Structure formats: structure tokens, C-alpha cells
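I opened this notebook to record what I looked up, entry by entry. The model comes first.

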Amino acid sequence: MKNRIRCERGSSGMTQQQLADAAGVSRQTIHAIETGRFIPSTLLALKIARVFGRTVEELFQLDDED
């Protein structure tokens with residue numbers, strides 16, 4: 001699964017910690033999502049999308065392998 005979290009965070013000037021606080025997770029979780037080592041739950045993906053005012057589909061895309 002690919003994601004645009006780092007791009008969105010950079011565009012909004014938000015740190016990993018700020019996003020983590022807004023989504024109710026640790027900074028390490030945000031880092032793991034950004035690097036593709038962790039796939040968020042539906043609930044967490046929805047929370048992150050809400051923080052950026054985007055849809056889940058705008059932030060997360062399936063790979064061909066998925």
C-alpha cells in the first residue's frame with residue numbers, strides 16, 4: 001500500500017508529532033505508516049484523512065501486489 005501522508009504533512013507544515021497527536025497515536029506509528037512498514041486500521045486511516053480534510057482514497061492507494 002502506498003500513501004501520501006508525508007506529502008500532505010509537508011504541505012501543511014505539520015510535524016509527525018502534531019499528526020500523531022491529532023490522530024491519537026504515537027509519532028512512531030506515523031513514521032511507520034509513512035515508510036510503509038505499518039498499514040493503518042480503517043479507523044486510523046479515516047482519522048488521518050479527517051486531519052487533512054481529504055478522503056482515504058486521496059491518501060492511500062493499493063499497490064499492484066495488494
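Entry one, helix H3. I looked up the buried residues of H3 (residues 27-34) and found Ile-30, Ala-32, Ile-33 and Glu-34. Buried means under 20% relative accessible area, exposed over 50%, and partly exposed in between, with a 1.4 Å probe and protein chains only. Helices (H or I, at least four residues) and strands (E, at least two) are DSSP runs, numbered from the N terminus.

A note on the source: this is a predicted model, where local features need pLDDT of at least 70, side-chain atom pairs count only at pLDDT 80 or more, and totals for chains, interfaces and linings use all residues. Residues are numbered from 1 along each chain as its sequence is written, and side-chain values use heavy atoms, with hydrogens and water left out.

Next I asked what covers the buried residues of H3. The cover includes strands S1 (2-3) and S2 (60-61). It also includes helices H1 (5-12), H2 (16-23) and H4 (42-52). After H3 comes Gly-36, with a positive phi near 80°.

I found Glu-8 in helix H1. Is Glu-8 buried or exposed? Glu-8 is buried, because its relative accessible area is 8%. Leaving aside neighbours within four places in sequence, Glu-8 is in contact (heavy atoms within 4.5 Å) with Phe-52, Arg-54 and Leu-59.
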